[in-house]
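Hi everyone, thanks for making time. I'd like to walk you through one structure today, so please have a look at it while I talk.

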Amino acid sequence: MKYLDEYRDEALAAGILAEIKRIVTKPWVLMEVCGGQTHSIVKYGIDRLLPNEIELVHGPGCPVCVTSLEMIDKALAIAQRPDVIFCSFGDMLRVPGSDCDLLILKSRGSDVRVVYSPIDCLKIARANPEKKVVFFAIGFETTAPGNAMAVWQAHQQGIQNFSVLVSHVLVPPAMASILQSPLNRVQGFLGPGHVCTVMGYREYEPIAQRYQVPIVITGFEPIDILEGTLMTIRQLEAGEAKVENQYPRVVNREGNRVAQDLVNKVFEVGDRKWRGVGSIPKSGYKLRYEMRDHDAERIFDVREIDTKEPEICISGLVLRGVKKPHDCPAFGTLCNPEHPLGATMVSAEGACAAYYAYGRHLQEPALVPAS
Amino acid sequence: MCLAIPGKLIEISTDASGVRMGKANFGGIVKQVCLEYTPEVEKGDYVLVHVGFALSKVDEAEAARTYKALEQMQQLTELDTPEVLDDEEVSGAISEAA
């Protein structure tokens, strides 16, 4: 219980933990889906506070991590053009493509800019009419409304020199893909709270029913994660499989309808390649035909690029909850945040990077629940 | 990067293109926020903001605890990215400073 004193509400945390211990009778494997939850679990050692019966595995919930190598290489190809100002969230700058990353291109003189908001790109586009301004539109459902609004405003205002390189990913199809895999070990999910702020949680109900898994929409604070875990274990022990909401102070079943409407005007669902996992049907957003004038892939005609990931990397298995970072022979040695070999190490929210950041590469693997 | 950050709305306006915008205070850092997705919010409300867009309204207590949790997890770094200001906003900022 060495981490417990760091919790905001020790007594509450201890009470929830005691209740989990009281009700658990069998081994269960739960997956958290949001990168923020992964970060919190590793920082506060929540996985180590839980009874041995409960294993937490870390899902594919970091959009930076799962952006495919092909898409990074496309971004690099576009960013190198002298007529382009390439804009991105800061998290993407150090993500390695096949040859280099955006930060290296910037140091070599390419005009690569970090933006706080996609809306900033419209201002850059207006101020630089002789340039083509491209935004790297990555993210889960939480980020989609912002990126959609930038495209919509450009479309409405006739800002011709603004386009987006879209690599949006969606949570529910990824969960379904994990559950369909013959290697699947996941028996219950902590659903992503802030994603559901936008989307609500109706779309998780068919997944819970079809695959008979409890899904508990959960916040990212330690107390939230403990409570979400308790609610999931309660369902598992009772043989139930439904969607519950641990995070009603922020999330409701319908989500933000205004945001959903605009997202649907700008984007449509399509297949998407995930780094470390491969293509998942209908697991991403792509621009609608009406928005084609703002589609960077079309404008710059970047073709499919042949890429290769290091063979030693097991990030695909880590993303699916089949393996833990410690199961990888390269973890913390050949592969570290300075020299990431794969998806789960490229961003701070990836499972391998989170384990590394909190010193778990220095500890005996035996401390991690066996997988 | 999928987490939204709570801030207090200190100003609401409409920009030149008719977009509902505002300014939100995040623990002392003031940033522009698009309010198109939260038509119900008013000045003084707390909103959860992601990449410059308010996604939902939260109460003050929730805003405070979420902000603190994000701070402890060092998840507030995106607020350090400077905003892009257009000419009109730059002159506005200069006259405010003067």
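Let's start with the sheet in chain A: an open sheet of 6 strands, in the order β4-β3-β5-β6-β11-β10, with mixed pairing. Strands here are DSSP runs of E with at least two residues, helices are runs of H or I with at least four, and both are numbered from the N terminus. Two strands pair if DSSP finds at least two bridges between them. At the edges you'll find β4 (111-114) and β10 (267-274) of chain A; each has a single partner strand, so one side of each is left without a neighbour in the sheet. From one strand to the next, the twist averages 25°.

Before I go on, a word on what we're looking at. This is a predicted model, where local features need pLDDT of at least 70 and side-chain atom pairs count only at pLDDT 80 or more, while totals for chains, interfaces and linings use all residues. Residues are numbered from 1 along each chain as its sequence is written, and chains are lettered from A and ligands numbered from 1 in the order in which they are written.

Strand β3 (residues 84-88) of chain A is joined to β4(A) by 4 bridges, and the two run parallel. If you want a pair to find on screen, Ser88(A) stands opposite Val114(A) in β4(A).

Now, which helices pack on the sheet? One is α7(A), which touches β3, β4, β5 (132-139) and β6 (162-169) of chain A. "Touching" means contact: the C-beta atoms of two residues, placed from the backbone, lie within 7 Å. The direction of α7(A) makes about 175° with that of β5(A).

Next, a pair of helices. α8(A) and α13(A) pack at an angle of about 55°, their axes 9 Å apart. That makes α8(A) oblique to α13(A); angles under 35 degrees would be roughly parallel, over 145 roughly antiparallel, 65 to 115 roughly perpendicular, and the rest are oblique. Who makes the contact? From α8(A) we have Ala144(A), Pro145(A), Ala148(A), Met149(A), Val151(A) and Trp152(A), and from α13(A) come Ala259(A), Leu262(A), Val263(A), Lys265(A) and Val266(A). Sort those by class and you get 10 nonpolar, no polar and 1 charged. In this scheme Ala, Val, Leu, Ile, Met, Phe, Trp, Tyr, Cys and Pro are nonpolar, Asp, Glu, Lys and Arg are charged, and the others, Gly among them, are polar.

What about α2(A)? 8 of its 9 residues are buried, so it is largely enclosed by the rest of the structure. Buried means 20 or more other C-beta atoms within 10 Å of the residue's own, exposed means 12 or fewer, and partly exposed is in between, with C-beta atoms placed from the backbone. The buried ones include His39(A), Ile41(A) and Val42(A). Just after α2(A), Gly45(A) takes a positive phi of about 60°.

On that topic, most residues other than glycine have a negative phi. Lys282(A) is not a glycine, yet its phi is positive, at about 50°. Lys282(A) sits in strand β11 of chain A and is partly exposed, with 13 other C-beta atoms within 10 Å. Chain B has a case too: Gln74(B), with a positive phi of about 55°, in the loop between α1 (60-72) and α2 (87-97) of chain B.

While we're in chain B, look at strand β1 (residues 5-14). β1(B) is joined by 6 bridges to strand β2 (residues 20-26) of chain B, and they run antiparallel. The two form a hairpin with 5 residues between them.

Last, how many residues does each chain bring to the contact between them? Chain A gives 43 residues and chain B gives 27. On the side of chain A that touches chain B, α7(A) gives the most, with 7 residues. By class, that side has 20 nonpolar, 15 polar and 8 charged residues.

Note on methods:
Axes are lines fitted to C-alpha atoms, for helices over the stretch in contact, and angles run from 0 to 180 degrees between N-to-C directions.
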